[in-house]
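User: I would like to learn how to read strands and their neighbours in a model. Please take me through some cases.

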Amino acid sequence: MSAPLWKPSAARAARTNLATFMRRAAARHDAPISSYDAFHAWSVAEREKFWSLTWDEMEVIGKKGGIFLEDGEKMPGATFFPEARLNFAENLLRQTGAAPALYFRVEDGPLSIWSWSDLYENVSRLAQAFRAWGLKPGDRVAAFMPNCPETIAAMLAAASIGAVWSSCSPDFGAKGVLDRFGQIEPRLLIACDGYRYNGKTLPSGDKLKEIVTELPSLERVLIVPFIGEADQGIDKSLGWEEALVPFTAKRLEFTRLPFSHPLYIMFSSGTTGAPKCIVHSAGGTLLQHLKEHTLHCDLHPGDTLFYFTTCGWMMWNWLVSGLGAGATLALYDGSPFYPDGNVLFDYADQVGVNVFGTSAKFIDALKNAHLRPKETHRLSDLRMILSTGSPLVPEGFDYIYDAVKEDVALCSISGGTDIVSCFVLGNPMAPVYRGEIQAKGLGMAVEVWDEDGMPLEQGKGELVCTKPFPSMPIGFWNDLDGAKYRAAYFERFPSVWCHGDFAELTAHGGLIIHGRSDATLNPGGVRIGTAEIYAQVEQLEEVVESVAIGQDRNGDVRIVLFVVLREGAALDDALISRIKTKIREGASPRHVPAKVIAVADIPRTKSGKITELAVRDVVHGREIKNKEALANPEALELYRGLPELQD
């Protein structure tokens with residue numbers, strides 16, 4: 001077995017929230033705590049005890065009831081805490097006072113701070129406005145907003161009355177917004193007058209006019225003056241201050257609702273058709289996030305949590321729940337490379353970030369830019385780095401420990417919008433091994449199955465979850481008979497959640513995600529994860545990034561690798577040979593592409609994920625159904641009708 005890259009001291013491990021929780025589970029329920037694996041097995045086998053204990057230890061505010069799980073073997077169909085009554089916002093607004101609740105920066109702009117009292121008072125005034133406008137439980141409130149304090153206040157105000165929240169970031173085009181919000185018929189839209197990115201100020205007025213015109217369900221549009229634009233002539237609109245003037249802060253009225261009451265409507269990426277509208281419950285989201293923040297991320301009251309995200313990615317929803325653990329949130333909006341790649345580490349030092357979350361692509365970009373934050377920044381408060389969005393390759397692990405910080409827990413995490421949380425993530429008591437996700441989430445019956453539906457002890461297969469968990473979606477919006485919901489997750493293996501990730505269990509009890517199952521390559525009938533190829537080719541100095549697809553050819557599939565090269569590099573025969581040799585030696589001969597082609601850009605979603613399926617469809621001459629889901633749809637044309645792929 002390989003040696004770990006990092007390991008907590010015995011004293012540090014014993015101080016974690018997880019260690020305390022395990023000891024209490026042992027005392028209360030005789031849970032086995034000799035190892036994490038043993039405790040995880042107990043948390044799955046004894047789900048009622050585990051989730052009940054989680055409710056108690058996280059001090060959830062509300063009525064718990066005496067039944068913790070009903071129809072527990074139905075998937076879907078199980079009901080957690082059927083007698084419970086709670087309010088999501090009440091559990092995030094547990095305190096007031098002068099201590100910071102939210103830090104906020106836009107690129108290299110000044111720092112702004114909202115105290116817990118500032119946040120509470122803004123939520124109170126907004127909630128009063130929402131009630132005065134007639135909003136009630138179940139009504140939809142949509143947001144077209146940056147990742148700023150006003151967005152969080154508006155979400156909490158909506159949740160306080162039981163309204164359902166949904167959000168997009170302002171970089172979405174009007175059609176992308178309408179594809180999402182048009183399905184859910186919001187009564188209220190909260191929107192910014194513009195946003196800032198890469199040093200530029202980008203007004204939203206024209207997009208907003210189109211959006212408002214095409215959403216007949218809207219009764220009001222609340223405009224946040226993010227860039228200070230004058231009135232833009234938006235129909236049904238009023239300004240943030242204008243809306244709040246009639247209301248003074250007072251004690252919030254929290255409407256306590258069932259555990260399964262809808263909280264969020266979130267959207268699939270929409271790269272293969274209209275985005276799916278995934279409905280998540282208040283109770284399931286709250287309990288799952290409190291578990292992940294407190295136990296897996298070891299967040300303590302007063303800690304500072306940062307995640308680089310927009311309001312169009314589920315990590316924003318995940319980040320906001322950190323308030324429930326008593327953490328201060330460090331919000332950031334704009335480019336992570338403006339004015340340069342140090343800006344997020346400048347921010348981390350400025351506000352004392354303890355848990356720093358980002359994407360694997362950001363880590364890769366730092367490595368390619370040869371930045372070494374440990375030599376330019378203190379990072380003295382930083383104790384955990386989280387990475388998600390795509391698999392973090394082994395070289396990304398090497399880079400963090402070499403160039404960012406040696407004494408830090410690096411936790412690659414994976415789950416998704418589908419569950420607004422994680423299936424696999426960190427364990428603050430355990431070592432970090434190169435290229436591996438540390439652990440299965442507590443209470444999550446995660447397994448890896450082969451093609452025949454048999455569980456693997458080691459090896460590659462489909463990531464599945466065999467038992468219900470609280471943060472499963474309530475369902476899809478307007479999917480009255482549940483057919484689309486069942487088809488999305490339960491068709492491959494009946495009554496088992498099949499997540500669509502091609503995964504591997506390791507000898508350390510960890511996991512590796514090799515990419516999406518629908519993007520796996522099948523040359524000669526052998527399944528290959530695209531991440532296995534990227535991990536090799538992107539080690540070469542000349543290659544910035546890459547995308548691999550399977551091209552149907554003569555009754556088989558051949559691997560085609562597209563590479564974006566560093567400025568000044570050329571894809572000549574010598575470099576192609578080095579690429580193929582690197583893949584052959586680092587992965588296997590089966591991973592070696594039949595074709596290597598240079599391209600100027602790679603299409604990606606709004607949250608930065610490479611879209612292999614869109615590239616594959618273009619190469620095969622198929623229609624791309626929803627280009628609005630892409631951040632750079634023009635890149636697709638680089639792959640159309642390539643003569644190199646006609647032989």
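User: Which residues of E7 lie on one side and which on the other, and are they buried or exposed?

Analyst: This is a predicted model. A residue counts as buried when its relative accessible area is under 20%. In E7, Arg140, Ala142 and Phe144 lie on one side, with Val141 and Ala143 on the other, and all of them are buried. Both faces of E7 are therefore covered, by the under 20% criterion. The strand spans residues 140-144, and five of its five residues are buried.

User: Which strands are joined to E7 by bridges?

Analyst: Strands of a sheet pair through backbone hydrogen bonds, either parallel or antiparallel. Here E7 runs parallel to strand E8 (residues 164-168), with five bridges between them. Four bridges link E7 to strand E9 (residues 188-192), also in parallel. Valine 141 has tryptophan 165 opposite it in E8 and leucine 188 opposite it in E9.

User: Through which helix does the chain cross from E7 to E8?

Analyst: The crossing goes through helix H7 (residues 149-160), and this β-α-β crossover is right-handed.

User: How many residues of strand E19 are buried?

Analyst: Five of the five residues in E19 (355-359) are buried, so the strand is mostly covered, with buried meaning under 20% relative accessible area. Val355, Gly357 and Ser359 point one way, while Phe356 and Thr358 point the other way.

User: What are the bridge partners around E19?

Analyst: Strand E17 (residues 304-307) runs parallel to E19 and is joined to it by three bridges. Strand E20 (residues 384-388) is also parallel to E19, with five bridges.

User: In what order do the strands of the open sheet with E30, E31 and E32 come?

Analyst: The order is E30-E31-E32, and the pairing is mixed. Strand E30 (543-553) and strand E32 (595-598) are at the edges; each has a single partner strand, so one side of each has no neighbour in the sheet. From one strand to the next, the twist averages 25°.

Key: Residues are numbered from 1 along each chain as its sequence is written. This is a predicted model: local features need pLDDT of at least 70, side-chain atom pairs count only at pLDDT 80 or more; totals for chains, interfaces and linings use all residues. Side-chain values use heavy atoms; hydrogens and water are left out. Buried means under 20% relative accessible area, exposed over 50%, partly exposed in between (1.4 Å probe, protein chains only). Helices (H or I, at least four residues) and strands (E, at least two) are DSSP runs, numbered from the N terminus. Two strands pair if DSSP finds at least two bridges between them. Axes are lines fitted to C-alpha atoms, for helices over the stretch in contact, and angles run from 0 to 180 degrees between N-to-C directions. A crossover is right-handed if, with the strands pointing away from the viewer, the path from the first strand over the helix to the second runs clockwise.
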